[in-house]
Amino acid sequence: MSSSPKAGFFELRQYELHPQHMKTYLDETSKAAPFRSAIFDTAGSRWLAFFGPEIGGHLNKVHHLYWYQDHDVRDVARTKAATTKEWGDYLKLARPCMVKQENMAFIEATAVLQAAGLGGARDFAVAPDTSGKVAYELRTHQLPPGYDAVPRFLDLYAAGLPDKLRAAPPGASALVTLLHS
């Protein structure tokens with residue numbers, strides 16, 4: 001996968017947790033948020049989101065979404081994290097909570113989002129009137145094999161997106177991003 005320095009790429013890290021350790025993981029991850037932001041929120045990278053399901057899906061799975069300008073910036077940020085004392089202390093508490101880790105890289109369908117007047121994930125900010133309480137919906141689609149599957153999907157999505165956005169009640173929801181690999 002290639003990514004231009006302007007667009008960058010997204011990394012979705014998913015962790016399946018032991019159900020009995022969910023609270024510990026969530027508490028420790030919340031405490032770690034300030035130094036996680038200090039490490040990953042730079043000119044070339046950003047920690048965008050941390051969320052887990054409340055309804056549907058794998059209830060003991062959590063997600064972290066990052067954006068990186070390029071792979072070199074990612075390497076620098078991950079190395080900085082690995083050599084930071086606070087990060088090491090956090091991992092000592094968080095890792096025993098984990099059953100499995102998954103990592104996926106994506107690029108954003110910027111043209112589709114811009115055509116619909118949307119800025120994408122890097123420009124998204126939680127509205128101040130929500131008190132930080134938001135719901136994210138993570139949808140995945142399994143496409144048929146073939147080199148044209150993603151471009152065809154994006155064309156269809158782009159064609160239907162304006163109608164979908166017009167049909168949503170004002171303020172009901174916001175499309176944050178559309179990612180593909």
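Analyst: Start with helix H1. Its buried residues pack against strand S1 (9-17), strand S2 (45-51), strand S3 (61-68), helix H2 (71-82), helix H3 (85-94) and strand S4 (98-108). Helices (H or I, at least four residues) and strands (E, at least two) are DSSP runs, numbered from the N terminus. Contact means heavy atoms within 4.5 Å.

This is a predicted model: local features need pLDDT of at least 70, side-chain atom pairs count only at pLDDT 80 or more, and totals for chains, interfaces and linings use all residues. Residues are numbered from 1 along each chain as its sequence is written, and side-chain values use heavy atoms, with hydrogens and water left out.

Which residues of H1 are buried? They are Met22, Tyr25, Glu28, Thr29, Ala32, Arg36, Ile39 and Phe40. Buried means under 20% relative accessible area, exposed over 50%, and partly exposed in between (1.4 Å probe, protein chains only).

H1 covers residues 22-40 and spans only 24 Å between its end C-alpha atoms. A straight helix of 19 residues would span 27 Å at 1.5 Å a residue. The expected span is 1.5 Å times one less than the number of residues. H1 has a kink of about 50 degrees at Ala33, shortly before the proline Pro34. The bend at a residue is the angle between axes fitted to the seven residues ending there and the seven starting there.

H5 has 19 residues and reaches 27 Å from its first C-alpha to its last, close to the 27 Å expected. A kink of about 40 degrees lies at Gly160 in H5, shortly before Pro162. Ala149, Leu154 and Leu161 are buried in H5. The buried residues of H5 pack against helix H4 (110-115) and S5. Phe153 also sits in H5. Leaving aside neighbours within four places in sequence, Phe153 is in contact with His141, Leu143 and Leu178.

Now the largest pocket. S1, S2 and S4, which the buried residues of H1 pack against, each supply at least two residues of its lining, as do H5 (149-167) and strand S5 (179-180). H5 gives the most, with 7 residues. About 1600 Å³ of space lies in this pocket. Its lining counts 44 residues, of which Glu137, Leu138, Leu175, Val176 and Thr177 lie nearest its centre. By class, the lining has 30 nonpolar, 9 polar and 5 charged residues.

Thr177 also touches Glu108, as do Phe10, Leu113, Gly120, Ala121, Val176, Leu178, Leu179 and His180, not counting residues up to four places away in sequence. Glu108 lies in S4. Glu108 is buried, with a relative accessible area of 14%. Glu108 and Thr177 are 69 residues apart in sequence and 7.0 Å apart in space, C-alpha to C-alpha.

Conventions
1 Å grid on protein atoms, 1.4 Å probe; cavity = no way out; pocket = protein on both sides within 12 Å on 5 of 7 lines; lining within 4 Å. Points joined across faces, edges and corners; volume = space filled by probe spheres on them. Nonpolar A, V, L, I, M, F, W, Y, C, P; charged D, E, K, R; others polar.
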